[in-house]
Amino acid sequence: MNNLPKRKPTRLKHYNYSANGAYFITICTKNKQKILGQISGTENPAVHLSEYGKIAEKYLRSANKMKHITLDKYVIMPNHIHMILSICANSNDTAPSPASAALPLAISAFKRLVQRAIGKTIFQRSYHDHIIRNKADYQKIWEYIDTNPTKWEQDCFYDAKKGL
């Protein structure tokens, strides 16, 4: 008998992830290890990226080179990354488009490139996504990403016991 924990599906059932729109993505490091950088400063806290964080940022910025994908906003925190990715597939495309799985492909490609550059896996297997439904939702998430370093100790990924 298999005693492994049953994973909860992470994708919205019956949702077409190739649909044009914006998505709020969170990718965590394995075991939420604080390996992407650190937060410093009290008045204006800022993220200072580690070598792993700098590599992750390099490949995040290359997301805009992918067909149908735009990286609108991101922040790299010590043990996770938040981003807004937008998918905009051209309705004039006549051939089957890579947008049919644009979001999962983009995240998978990002993780694979970082893993190849670092030489090991640093991210958890899955990621969290939220379909941004309107301008107000988009603005709220944009602001959350913008202010995330200043609210690090209130972040759900912060671990006070470990200082993470």
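1. Asn31 sits in the loop that joins β1 (21-28) to β2 (37-40). Strands here are DSSP runs of E with at least two residues, helices are runs of H or I with at least four residues, and both are numbered from the N terminus. Phi of Asn31 is near 55°, a positive value in a residue other than glycine. Asn31 is exposed, with 62% relative accessible area; exposed means over 50%, buried under 20%, and partly exposed in between, using a 1.4 Å probe and protein chains only.

2. The model is predicted: local features need pLDDT of at least 70, side-chain atom pairs count only at pLDDT 80 or more, and totals for chains, interfaces and linings use all residues. Residues are numbered from 1 along each chain as its sequence is written, and side-chain values use heavy atoms, with hydrogens and water left out.

3. Lys32 belongs to the loop between β1 and β2. Its phi is near 50°, again positive in a residue other than glycine. Lys32 is partly exposed, at 33% relative accessibility.

4. Four strands form an open sheet in the order β4-β5-β1-β6, with antiparallel pairing; two strands pair if DSSP finds at least two bridges between them. β4 (69-76) and β6 (128-132) are the edge strands, each pairing on one side only.

5. β4 pairs with β5 (residues 80-87) in the antiparallel sense over seven bridges. Lys73 stands opposite Ile84 in β5.

6. Helix α2 (residues 102-118) lies across β1, β4 and β5, at about 35° to β1. Axes are lines fitted to C-alpha atoms, for helices over the stretch in contact, and angles run from 0 to 180 degrees between N-to-C directions. Contact means heavy atoms within 4.5 Å.
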